[in-house]
Amino acid sequence: MSAADPTTLNSFVAATIQRLAAQRRRERINYILLTVTGIIGLLLIWEASVDLFKMPPYIIPSPDRVLNALWSGLAVPLNSRVGFYLPLWNTLEHATLGFLIGASLGLIIGSLMAEYRSIEIILMPYAFALQSLPKIAIAPLVIVWCGFGNGSKVVMAAMLTFFPMLVNSFAGIRSTEPERIDLMKALSASRLQTYLRVKLPTAAPYIFAGLDMGVVYALLGTIVAEFLGAQEGIGVVITQAQAVTDVAGVFAALVILGGVGIALHMLIRITEKRVVHWSDRHK
Amino acid sequence: MSYSALAAKGLAWPGLHSAATSQVIGAGGPLIKAQGLVKIYSTVSGDPVVALDGMDLTLADGEFVSIVGPSGCGKSTMLRLIAGLDDADAGEMTLAGKRITGPSSAVGVVFQNATLLPWMTVWQNVILPLQVGGGQADTAHKATVQQYLEISGLKGFENKYPYELSGGMQQRAAIVRALARNPKVLLMDEPFGALDALTRERMNVELQRIWQTSKKTVLFITHSIGEAIFLGDRVVVMSSRPGRMLEDLMVNLPRPRNHTDTIADPEYIRLAREIRRMLDASP
């Protein structure tokens, strides 16, 4: 083939593009096939092991029992007292509220600590001490202070979201390149202008990593508060199912929680991709 | 060729310097005068480092002065002092007869890296100086910025993000940003150090053109002897640390300069040899 001949060259380029596209398509199909095979394989092994070792359903239920429980929880009207929808809504409502409060406070206090050395010196020891403490251990105290109601759920979710946000906001703002700060200084920019226009966007990838952790922790905090005493929520569904040794029901609730966790994580990732569009490419 | 000779030849950009000329003080005196500058940095190990020891420098209005010296000779420190980013430990600095006490809108700074903010488009980046630190984002200033974008060949790229531009274009955008407030002085700290050799040569020609049309006073820091001579009306040679002025050389090469002719000029060769001998002799 001669590169000097434009028609030959063009058809060659077109063929190459087609070949590469076909290759990409094949790779994608392979990816999906492998994932589905993995899931089916896992379920088969699960089913086989339960049969083989004669596991009683109140210890480990077989996949079809879990699917049954899942179906009976989902195949109800949205506003039904039984089923997953109402408890899930209740859990998400309080987890979201707690998440918003905890994330905002974490961002604000983390920013203040990064901006003002004196605030950093005063607060850092407590931040360290509380960060190393397993926050779940405070849950009984929170119940004492805020009662067996929805308040405790929100407080637990907020507390668990707060720390990753605090640490990440602080680290992100401190990571601002000195040259960018020099730039703003040379422009006589105010502290607030430098913070809003340079430091906060620089910290954005860190902040999103904090939100990503925070959203899972908020769900965790809410569930723990529900375990310790609440009337509504997925945590209550789990404890009630456990009380009547409906282990398949517990599994089904866990599947729902896993799905919600993945959905929330994806939501944060998609938002991050839209907001921090420069992040992987700016260097 | 001097600045006034350039203006006489009509090389000066007519519409751009109106705001600048209205601020010009009594002609004749130097625009920037620095005497006996001393700067000492403390280091982590505890030994103080004398970056500058009695450095003198004067820049006439409209002049292009290059500073060349070994790395770590304090040339960047010198620029930071004049930019008002750092305070001198001793010595006097004046800009248009007034003491330099901090950053000023009469000074534009171009850093080693383009330091464009990756979350802003090219346009948002170049008008940043008009939006922070008391800058005025009026139509007259914006028109000036638009003219500079055109001069530097960035027209049509206003809505691109920095990561969509080549390194040379990014640095040109940084120059336009430094010119946004129509400053009298442009301070440039090894702005082309990160570019490949060919792009760098092209940028030198571009900068010469921008300088000739904008009629700014430029202080250009570099560690390239060739670049210093090619661009400068004068080349100031600095000793290695502690930084002092070794020599102040006039560059009598015709403008506009281009690489084909300029680097073959006997004057260029003589200057290059002299500077190299000086730097080799300096410990």
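Me: How many residues does the largest nonpolar core have?
Reply: Keep in mind that this is a predicted model. The residues with the most contacts inside that core include B:I82, B:L187 and B:L219. Counting up its members, the largest nonpolar core comes to 82 residues.

Me: And which helix of chain B gives the most to this core?
Reply: Look for the helix that puts in seven residues. That one runs over residues 167–179 of chain B. So the name to write down, since helices are numbered from the N terminus, is α7 of chain B.

Me: What's the strand order in the open sheet of four strands in chain B?
Reply: Start at the edges: β2 (49–59) and β5 (98–99) of chain B each have a single partner strand, so one side of each has no neighbour in the sheet. The pairing is antiparallel. Reading across, the order is β2-β1-β4-β5.

Me: Which residue in β2(B) does B:L37 stand opposite?
Reply: Strand β1 of chain B covers residues 32–41. It pairs with β2(B) in the antiparallel sense over eight bridges. Opposite B:L37 you'll find B:M55.

Me: What angle does the direction of helix α3 make with that of β1(B)?
Reply: Helix α3 is residues 75–83 of chain B, and it packs on the sheet. There it touches β1, β2 and β4 of chain B. Its direction and that of β1(B) make an angle of about 115°.

Me: On the side of chain B that touches chain A, how many residues are charged?
Reply: The contact takes 17 residues from chain B and 18 residues from chain A. On the chain B side, 13 are nonpolar and four are polar. That leaves the charged residues, and the count there is none.

Me: Is B:E201 buried, exposed or partly exposed, and why?
Reply: You'll find B:E201 in helix α8 (residues 197–214) of chain B. A residue needs 20 or more other C-beta atoms within 10 Å to be buried, and 12 or fewer to be exposed. B:E201 has 18 within 10 Å, so it counts as partly exposed.

Me: How far apart are the C-alpha atoms of B:E201 and B:L85?
Reply: Along the chain, B:E201 and B:L85 are 116 residues apart.

Technical notes:
Residues numbered from 1 in each chain as written. Chains lettered and ligands numbered in written order. Predicted model: local features only at pLDDT ≥ 70, side-chain atom pairs only at ≥ 80, totals over all residues. Pairing = 2+ DSSP bridges. Helix = DSSP H or I, 4+ residues; strand = E, 2+ residues; numbered from the N terminus. Contact = placed C-beta atoms within 7 Å. Axes fitted to C-alpha atoms, helices over the stretch in contact; angles between N-to-C directions. Nonpolar A, V, L, I, M, F, W, Y, C, P; charged D, E, K, R; others polar. Core = buried A, V, L, I, M, F, W, Y, C linked by C-beta atoms within 7 Å.
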